[in-house]
Structures are given as structure tokens and as C-alpha cells.
Amino acid sequence: MNQNHFDKLQQINLLTSEIDGLYHRLSLKLGLNDSESRVLYALYTNGNSCLLNKIYTDAGISKQTVNSSLRKLEKEKMVRLEPYHGKAKKVFLTEQGIEKANQTVSKIVKAEIDAFANWDEEEIEVYIKFTKKYVETFGIEVKKIEQELME
């Protein structure tokens with residue numbers, strides 16, 4: 001194992017954990033648990049409604065966790081689900097949900113945008129480029145391990 005790569009990996013993992021911690025801390029301060037925050041965030045950033053599958057993708061948490069959060073938010077009258085096409089469902093923020101999202105996740109989005117205020121466009125593009133590259137190459141390695149485990 002290349003020690004330099006291992007050291008850099010530890011730095012990246014620490015930074016990723018710190019970012020996750022900031023989202024967690026802010027979500028709690030806004031009165032949301034992490035999964036509710038992610039579901040509301042996905043809906044808010046997709047124009048207050050989107051397909052359920054899009055929430056699964058955007059939220060980055062398990063389907064079971066998304067569904068649990070949606071049931072809770074539905075019970076609180078924050079969201080409603082409607083049949084879309086075939087088995088697909090569409091999720092909508094209700095008026096109450098839009099108000100909640102405006103009081104909570106809109107602040108997260110603003111903080112994210114403000115965090116980039118000191119970056120120039122090139123820095124943002126480089127960050128996106130290399131993060132994408134890492135996700136793609138790490139994804140390939142994950143698939144290799146998954147295939148090995150299936151054998």
C-alpha cells in the first residue's frame with residue numbers, strides 16, 4: 001500500500017466526515033433529523049416535487065429510510081404522494097411542507113451557495129471534476145468487491 005495515498009485518503013475521509021457533521025449539526029438546529037432533512041432538501045431543490053426514485057437517488061440514503069421519513073412527513077401533512085405512471089409515485093411538498101422547507105432546508109442551500117462565494121468558477125469546476133472522478137473510480141472498485149462477494 002502506498003503510504004502517501006493512504007495518508008491522503010485519511011485526510012479526504014476526515015474532511016468528508018466533517019462535511020457530514022456540519023449538515024447533521026445544522027439539520028438538528030433546524031429541528032430536523034438527517035433523513036427528514038435529506039428528503040425535504042431533495043424536494044426543495046427539485047422544485048417542491050419530484051419522482052420518488054429521484055428522492056432515493058438525491059437523498060443518498062436507503063429506500064427504507066426515505067420511506068420512513070416520507071411516512072412521518074406525510075403524517076405531519078408536509079408531503080403527499082400521488083401515483084405517477086405504472087408503479088412510479090410522485091412526491092409533493094404541501095403548503096405546510098413548502099413553509100417548513102423555506103424555514104429549514106432553504107437555509108442549508110443558502111449556506112452552501114454562500115460557502116462558494118469566495119471560490120472562483122475555476123475552483124468550483126476543478127472541485128466538481130475531481131469529486132466526480134473519485135466517485136466514478138471508487139464506484140468501479142466497489143463493484144469489483146461486490147462481484148467478488150457474489151462468487
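Modeller: Let's start with a definition: helices are DSSP runs of H or I with at least four residues, strands are DSSP runs of E with at least two, and both are numbered from the N terminus. Keep in mind that this is a predicted model, where local features need pLDDT of at least 70, side-chain atom pairs count only at pLDDT 80 or more, and totals for chains, interfaces and linings use all residues. Residues are numbered from 1 along each chain as its sequence is written, and side-chain values use heavy atoms, with hydrogens and water left out.

Colleague: Okay, how many helices and strands are there in the protein chain?

Modeller: The protein chain has 7 helices and 3 strands. Going from the N terminus, the elements read α-α-β-α-α-β-β-α-α-α. Along the principal axes, the C-alpha atoms fill a box of roughly 55 × 45 × 25 Å.

Colleague: And what share of the 151 residues counts as buried?

Modeller: The general idea is a cut-off on relative accessible area: buried is under 20%, exposed is over 50%, and partly exposed is in between, using a 1.4 Å probe and protein chains only. Here 23% of the 151 residues count as buried.

Colleague: Now salt bridges. How many are there by the rule?

Modeller: The rule asks for a side-chain nitrogen of Lys or Arg within 4 Å of a carboxyl oxygen of Asp or Glu. That gives 6 salt bridges in this model. One of them joins the side chains of Lys72 and Glu36, at 2.4 Å from N to O. Lys72 sits in helix α4 (residues 63-75) and Glu36 in helix α2 (residues 34-45), so this pair ties together parts that are 36 residues apart in sequence.

Colleague: Is Glu36 buried or exposed?

Modeller: Glu36 is buried, with a relative accessible area of 5%, whereas Lys72 is partly exposed at 38%. There's a network here too: salt bridges link Glu36, Lys72 and Glu76.

Colleague: Which helix holds both Lys110 and Asp114?

Modeller: Both lie in helix α6 (residues 105-115), 4 residues apart, which is about one turn of the helix. Lys144 is partly exposed at 42%, and Glu141 is partly exposed at 39%.

Colleague: Let's turn to the sheet. What is the order of its strands?

Modeller: Strands of a sheet pair through backbone hydrogen bonds, either parallel or antiparallel. Two strands count as paired if DSSP finds at least two bridges between them. This open sheet of 3 strands runs β1-β3-β2, with antiparallel pairing. β1 and β2 stand at the edges with a single partner strand each, so one side of each has no neighbour in the sheet.

Colleague: Where can I see the pairing residue by residue?

Modeller: Strand β1 (residues 49-51) pairs with strand β3 (residues 89-93) over 3 bridges, and Ser49 has Phe92 as its bridge partner in β3. Strand β2 (residues 79-83) pairs with β3 over 5 bridges. Phe92 in β3 is also the bridge partner of Arg80, and Pro83 stands opposite Lys89. The hairpin of β2 and β3 has 5 residues between the strands, and Gly86 there takes a positive phi near 65°.

Colleague: Which strands does α2 lie across?

Modeller: For this you need contact, meaning heavy atoms within 4.5 Å. You also need axes, which are lines fitted to C-alpha atoms, for helices over the stretch in contact, with angles from 0 to 180 degrees between N-to-C directions. α2 lies across β1, β2 and β3, at about 90° to β3. Helix α3 (residues 52-59) lies across β1 and β3, at about 95° to β1.
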